[in-house]
Amino acid sequence: MHFNYYRRGRGKPLLLHGLGSSWRSWTPVLADLTAQRDVIALDLPGFGHTAPLVGKQSVATLADAVTGFLSAHGLLGIDAVGSSMGARLVLELARRGVVGAVVSLDPGGFQRGWEKPFFYRTGQFSLAMIRLFQPLMPALTANPIGRSVVYAQYSTHPWALDARLSLIEMQTYAAAPTAHEPHA
């Protein structure tokens, strides 16, 4: 499988996973990280510019695909960082012994009972709204009040997010063919 990815920096390699949007979600920290590490930031299958997986999409199948990428590039055992869905994925990669040290920021997918259908229903509703309001996204993400409305479910300080990156994230998320699928 072909992955779209960003790679820059020097030092010990560090793998960063996209969080259901694209590698660009890491833009605010890339300059600092690439000063110390060789950073590899992926667009996960079905997000950004990486084609979706054929068949079932799950944490297990995403881990299989990322393992293939790491193996093909001689990167097995590198450290990894993930956020949200990517955080869940790096935990799975660590459990399998595929990566070294991991940082898992707000890992998703650990809902139980009523939480799981609630999460997916509210997520599907949010995605439907994001797709419906795509023509308005440039205006909504351009100001702090609009970002607060758009990112209310996704960020604790949405007004402080970078306007340009916010727009890119909303466009990428809306276009992702697998964004609505459960990643159990």
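In the predicted model, a salt bridge joins the side chains of Lys-12 and Asp-79, with an N to O distance of 3.3 Å. The two residues come from distant parts of the chain, 67 residues apart: Lys-12 is in the loop between β1 (5-9) and β2, and Asp-79 is in strand β4 (residues 79-83). Asp-79 also meets the side chain of Arg-37 in a salt bridge of 2.9 Å, N to O. Arg-37 lies in the loop between α1 (27-34) and β3 (38-42), so its pairing with Asp-79 in β4 ties together parts that are 42 residues apart in sequence. Both Arg-37 and Asp-79 are buried; for Asp-79 the relative accessibility is 11%.

Six salt bridges are present in the structure. One of them is formed by the side chains of Arg-96 and Glu-92, at 2.8 Å from N to O. Through salt bridges with shared partners, Asp-64, Glu-92, Arg-95 and Arg-96 are joined into one network. Glu-92 is buried, its relative accessible area being 15%, whereas Arg-96 is partly exposed at 32%.

Strand β2 (residues 13-17) contains His-17, which counts as buried because its relative accessibility is 0%. Leaving aside residues up to four places away in sequence, His-17 touches Trp-26, Leu-42, Leu-44, Val-66, Val-81, Gly-86, Leu-89, Val-90 and Leu-93.

Helix α4 has 18 residues and spans 25 Å between its first and last C-alpha, close to the 26 Å expected at 1.5 Å a residue. Its buried residues are Tyr-120, Gly-123, Ser-126, Leu-127 and Ile-130. These residues lie on the same side of α4, because they cover an arc of only 130 degrees around the axis. Their cover includes α5 and α7 (163-175). On the face of α4 turned away from the buried side are the exposed residues Arg-121, Phe-125 and Leu-132.

Leu-132 is also part of a nonpolar surface patch with Phe-133 and Leu-136; together the three residues have about 290 Å² of accessible area. Leu-136 is located in the loop between α4 (115-132) and α5 (137-141). With a relative accessibility of 45%, Leu-136 counts as partly exposed.

Tyr-173 belongs to helix α7 and is buried, at 17% relative accessibility.

Note on methods
Residues numbered from 1 in each chain as written. Predicted model: local features only at pLDDT ≥ 70, side-chain atom pairs only at ≥ 80, totals over all residues. Heavy atoms only, no water. Patch = residues over 30% accessible without salt bridge, like charges linked within 9 Å, V, L, I, M, F, W, Y side chains within 5 Å. Areas by Shrake-Rupley, 256 points an atom, 1.4 Å probe, with all protein chains shown as cover. Salt bridge = Lys/Arg side-chain N within 4 Å of Asp/Glu carboxyl O. Helix = DSSP H or I, 4+ residues; strand = E, 2+ residues; numbered from the N terminus. Buried < 20%, exposed > 50% of the residue type's maximum accessible area, 1.4 Å probe, protein only. Expected span 1.5 Å × (residues − 1). Arc of directions from axis to C-beta. Contact = heavy atoms within 4.5 Å.
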